[in-house]
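Hi there,

Here is the structure I promised to pass on. Have a look at it first, and then read my notes below.

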Amino acid sequence: MRPSLSRLVKVLRPVLAVLVVAALVYAIVTQWAEVRVAIRAIPISGLALSTVAVLVGSVTAMLSWRALLADEGHPLRVVDAGRIFLVGQLGKYLPGSVWSVVVQMELATRSGVPRARTFTASLCWIGLTISSALTVGVIGLPALAAADSSYTWFLLALVPVALACSLPWVLTRLVNLLLRALRRAPLPRALSWRGVGEAFGWLLATWLCYGVSLWLLADAVGATGWDGFLRCLGGFALAMGAGLVIVVAPSGAGVREAIIVSALAGVMASGEALGIAVVSRMVFIVTDIALAGGAALSAWRLLRRRPTEPAPDLH
């Protein structure tokens, strides 16, 4: 990228992020009456159970990342993997897709994992997260058919490509091509069916937990029964996948809410659906902070410990 273009991107990215968040705030303000109805309708029990579902989903997401790192030859204890992954996840609230990976790379060196292997494991995890999200989105397609969202249909069109890129030999080749472009050494060994399959399976469990979390909130407002659950499961998976694809917004702010509103539009007013989406985001933020806070307390020793990896870069 040319220096002038690089500078322009650095300037425009935060501006776009601010505009997206401002649009979300404007939508909430202009539909506040319906948003308030949705928020007040959610029982405390539903909110509590929704939070538990997010907690479990965050753990299965971490186990997916751990499986990929182990497949590259660096198995970690669950506790150590949790420290690295959960603290790094706070980086997703900054515009861009690199901050989580940067934090994970630094923490992982304290556990003897080379930065290069953390980088490639996190890269593969992001790719599998997107492909698994699109796959689950297809499951909810019958319920989402009436959503009429350009985001939804665009993402669904990517499903065959995403699944093809999730094949171990294709994923290995794609990662090695990227490493070659970065002038780094290739993966020490090809990704295996077992490693990728385990990671993909944990991610499917993650989407199930997140879908349940949204449904526990939306059930009180109108997304009841099997139809409501499918809308929440497929819609939320697509929403999170879009948040990873559209990197200018912090944690997919605005885009994620738009897809959730589209998914729930057939069973409640748009303002009520927006209220559910906002509460869902708050549940995720609180859960992420709580998990990262707990992990950070235990990871503090790692940060103070001298890295066991001698190389300071991605070699």
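Helices here are DSSP runs of H or I with at least four residues, and strands are runs of E with at least two, numbered from the N terminus. This is a predicted model, where local features need pLDDT of at least 70, side-chain atom pairs count only at pLDDT 80 or more, and totals for chains, interfaces and linings use all residues. Residues are numbered from 1 along each chain as its sequence is written, and side-chain values use heavy atoms, with hydrogens and water left out.

The chain has 14 helices and zero strands. Of its 315 residues, 49% are buried (under 20% relative accessible area; exposed is over 50% and partly exposed in between, with a 1.4 Å probe and protein chains only).

Now to one loop. Arg184 sits between helix H10 (168–181) and helix H11 (193–218). Its relative accessible area is 26%, so Arg184 counts as partly exposed. The C-alpha atom of Arg184 is 8.5 Å from that of Ala116, although the two are 68 residues apart along the chain.

One helix pair is worth a look too. H3 (residues 44–71) packs on H4 (residues 78–88) at about 105°, with the axes 9 Å apart (axes are lines fitted to C-alpha atoms over the stretch in contact, and angles run from 0 to 180 degrees between N-to-C directions). The two helices are therefore roughly perpendicular (65 to 115 degrees; under 35 is roughly parallel, over 145 roughly antiparallel and the rest oblique).

Best wishes
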